[in-house]
Amino acid sequence: MSISEITVSAAGGPVSLCVREQQRPQSVVALVWRFDATSRREGPAGEVTCETLEVPLGAPATIDGKSFLVDGFVVPFADHPPVTYQVVVSLRQDGRDLHSAVPSDHGSGSIGSQEVRFRYPFRVRTG
Amino acid sequence: MDPGGLGATLAVLLAASLVTERLVTMLKTAFPRLLADERRTGAREIDLVADRPRRLMVQGMAFAAAWFTAAILAAGGGPLGGDSFFASVRAGERLIPAPVVALLASGGSAFWTQLVQWAGAGRDRAVTRRAVEELEFRRVAQSLGLPPAECGRAGRRAEAQLADHRAFLLQRLRAIAPQSPVPAAERLP
């Protein structure tokens, strides 16, 4: 699994993270972990639930050089036959999407009665 | 006092009161500006002084209607004459003068009005409750990605199970606490 590098504007507003499944937004739960510049875990940055799809990460200056890991599950709806799903992780600043990606680690596929775990690591740089 | 006789008296008075109420309502409908429109102040509150003539008129008409009803009851099915208005109404074992019946029955107008308002409020509550249940029903259906016809009790149960499952998965994630942003394959607890 490789880590994505995302550049945010140093002069812009706070950065937030949005995680949703395209067809059923309420079917994703995730934890966002924050790591320092040396990849040491600092703690959870926030949780993604069906009520909270967007997690604030912080001001550009405070997250410059930090890494994040989105670790979540796609919740099954007991579909039979299995249906396709696609998780989209977006980084937002000043009300617009800076970066959107489908995690390579089980970010898309088919889901039936078992939950599917997905993960998406990224590092933030200011520019 | 004989309870049976009291029941008959109350029945006569209630019946007369109901008839009176209906007669007054008909008159208010026929002459709304004169009898139904309450006089209000600039602050939209009832002006008791300015509204006094109208109230007296309505109460007078209620008494007249009740007296007319009492006279019919006193006539006992016979022809209605002038003396019927001062005859007595049989209420069980009692004989009550028609003017007294009129006085007692006309005072029940406010009671019936209140009763109708309560019934209306109860009906409005039932309508609101049904509307709220309908909206909740559709919300559950939408959250499950199902048409409303396929939901109902099963849908509500499925929604609760889904919420439990989400909470359980979130708990598992909290317990993992990865050591690096690019974790190796880890065994879930």
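Let me start with Leu14(B), which sits in helix 1 of chain B, the helix that covers residues 3-30, and please keep in mind throughout that what we are looking at is a predicted model. With a relative accessible area of 42%, Leu14(B) is partly exposed, because that value falls between the 20% limit for buried and the 50% limit for exposed. Together with Leu6(B) and Leu10(B), Leu14(B) makes a nonpolar surface patch of about 250 Å².

Now let us turn to chain A, where five strands form an open sheet in the order 1-10-6-3-4, with mixed pairing. At the edges of this sheet stand strand 1, residues 4-8, and strand 4, residues 41-48, and each has a single partner strand, so one side of each is left without a neighbour in the sheet. From one strand to the next, the twist averages 25 degrees.

As a reminder for those new to this, strands of a sheet pair through backbone hydrogen bonds, either parallel or antiparallel. In chain A, strand 6, residues 67-74, and strand 10, residues 116-126, run antiparallel and are joined by eight bridges.

Finally, I would like to show you Asp105(A), which lies in the loop between strand 8, residues 96-101, and strand 9, residues 108-111, of chain A.

Note on methods. Residues numbered from 1 in each chain as written. Chains lettered and ligands numbered in written order. Predicted model: local features only at pLDDT ≥ 70, side-chain atom pairs only at ≥ 80, totals over all residues. Heavy atoms only, no water. Helix = DSSP H or I, 4+ residues; strand = E, 2+ residues; numbered from the N terminus. Patch = residues over 30% accessible without salt bridge, like charges linked within 9 Å, V, L, I, M, F, W, Y side chains within 5 Å. Areas by Shrake-Rupley, 256 points an atom, 1.4 Å probe, with all protein chains shown as cover. Salt bridge = Lys/Arg side-chain N within 4 Å of Asp/Glu carboxyl O. Buried < 20%, exposed > 50% of the residue type's maximum accessible area, 1.4 Å probe, protein only. Pairing = 2+ DSSP bridges. Axes fitted to C-alpha atoms, helices over the stretch in contact; angles between N-to-C directions.
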